[in-house]
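Please look through the sequence and the model below before reading on. The text after it is meant as a guided walk for someone new to the structure.

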Amino acid sequence: MTSLLQTQRKTAVPGAWPERLAALLSGRSALRLNEPLAKKTTLRVGGSADAYAEPASEDELAGVLAFCEAENIPWTVLGRGSNLLIRDRGIRGVVLGLVHEIFCSVRVESANIDCGAGVKLKTLAGCARQSGLAGFEFLEGIPGSVGGALRMNAGAMGGAIFDRVESVRYVDALSRVQVATPTQLQPAYRGCAALARAVVVGARFAGMPGDPKQIRETMDRFSRKRWQSQPAAPSAGCIFKNPPETSAGRLIEELGLKGMRQGGAMISLEHGNFFVNAGNATARDFLSLIEMVREKALRERGIHLETEVQIIGE
Ligand code: EPU
């Protein structure tokens, strides 16, 4: 890993795009070359990013996107990597992480919570509880960030994050800051296509006045359910969307696939729709396991399984 901002004057190749990108950013932003990404995901697999940037403001983020657009360089935004399978040869172009403190603020204003994209869902849920705002309890055990959760319309326990959204603030692919309501964004089950080529920078949520003790009890109940039915080992949450016919986890159990391994990747014994890294797995191991399950579901039950986990990179 090379810290470009620290070393560019000594080592950068004149005219190379990373050098030009570095010149756009202030000293408060970070930019590194050949950044390993596996540890930035909960599955702990995948190769490196050509360049990894942590912009320190919306303006600098917009500047990176404008640069990529002008230079025809691909860009990808990472959340907390909890729903992500990065292929073994990594990601070309620029990978963006919204982890600078500027994207991690939480502010409560009566029944509204304004949150940066980098805020952990656990933090949002905790803040809502402390403020006596109900409706966020289901977020507590989801290991994601606000930005990633909005992109995926993350959900659990019958709730989905867009249920609580008033507006989303994002930078679009043309580097324009936009604010849009759920009606404009049209989120779906585990996805929001309108945000696919955008970078969420924050959102305004609306809570419902509630009793902090009762909110705590609901969170505890959800947490118990999660620990009883889902594995603690590193995973990316559910690998497949539930097909209309059944729960993907139940289907995988019925097909007798729980515990099946491919290299270091294994189908969880606790829940069939969770694939865990049982040690030294590669992205290729997970991809083979996914293909094997999809083929068997189609062959034996006529069911098309669609991945929920985002698969990116080379
Ligand atoms: N089941 C089995 N075997 C299994 C897994 C599940 O028989 O291996 C059965 C359960 O007994 C239950 C039914 O299938 O009767 C549904 O299981 P569960 O309650 O665990 O829900 P799910 O449909 O498998 C969904 C979400 C989860 C979320 C849980 C809890 C999807 C794809 N998954 O799982 O979300 O945490 O409900 O609300 O919608 C995620 O999105 O990454 C995720 C984990």
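The paragraphs that follow take up a sheet, the ligand and several single residues.

This is a predicted model, in which local features need pLDDT of at least 70 and side-chain atom pairs count only at pLDDT 80 or more, while totals for chains, interfaces and linings use all residues. Residues are numbered from 1 along each chain as its sequence is written, and side-chain values use heavy atoms, with hydrogens and water left out.

Begin with the open sheet of 5 strands, whose order is 7-8-14-12-13 with antiparallel pairing. Helices (H or I, at least four residues) and strands (E, at least two) are DSSP runs, numbered from the N terminus; two strands pair if DSSP finds at least two bridges between them. At the edges are strand 7 (106-109) and strand 13 (177-180), each of which pairs on one side only. On average, neighbouring strands of this sheet are turned by 20° against each other, direction ignored. Strand 7 is joined to strand 8 (residues 112-116) by 4 bridges in the antiparallel sense. Valine 106, for instance, has cysteine 115 in strand 8 as its bridge partner.

Helix 3 (residues 58-71) lies across strand 12 (165-172), strand 13 and strand 14 (198-206), and it runs at about 50° to strand 12. Such angles run from 0 to 180 degrees between N-to-C directions, with axes fitted to C-alpha atoms, for helices over the stretch in contact. Contact means heavy atoms within 4.5 Å.

Next comes the ligand. It is surrounded by 21 residues, and the closest are Met157, Tyr189, Cys238, Asn242 and Glu253; a residue is near a molecule if one of its heavy atoms lies within 4 Å of it. Polar side-chain atoms of glutamine 230 and of lysine 258 each lie 3.0 Å from an oxygen atom of the ligand. For histidine 271, the distance from a polar side-chain atom to an oxygen atom of the ligand is 2.9 Å. Taken alone the ligand exposes 810 Å², and the protein buries 75% of that, with accessible areas from the Shrake-Rupley method and a 1.4 Å probe. Strand 10 (155-156), strand 16 (235-238) and helix 8 (248-254) are the elements that give two or more residues to the shell. The largest share, 3 residues, comes from helix 8.

Serine 145 sits in the loop between strand 9 (133-134) and helix 5 (146-152). It counts as buried because its relative accessibility is 5%; buried means under 20% relative accessible area, exposed over 50%, and partly exposed in between (1.4 Å probe, protein chains only). A polar atom of the serine 145 side chain lies 3.3 Å from the backbone nitrogen of glycine 148. Beyond residues up to four places away in sequence, serine 145 touches Gly79, Arg80 and Ala117, among others.

Asparagine 277, in strand 19 (residues 274-277), is buried at 12% relative accessibility, and its side chain reaches the backbone nitrogen of glycine 279 at 2.9 Å. Most residues other than glycine have a negative phi. Asparagine 153, in the loop between helix 5 and strand 10, has a positive phi near 45° and is buried at 7% relative accessibility. Asparagine 280 also has a positive phi, near 55°, and belongs to the loop between strand 19 and helix 9 (283-301). With a relative accessible area of 78%, asparagine 280 is exposed.

Terms used: A polar contact is a pair of N or O atoms within 3.5 Å; within protein, one must be able to donate a hydrogen and the other to accept it, and residues adjacent in sequence count only if both atoms are side-chain atoms.
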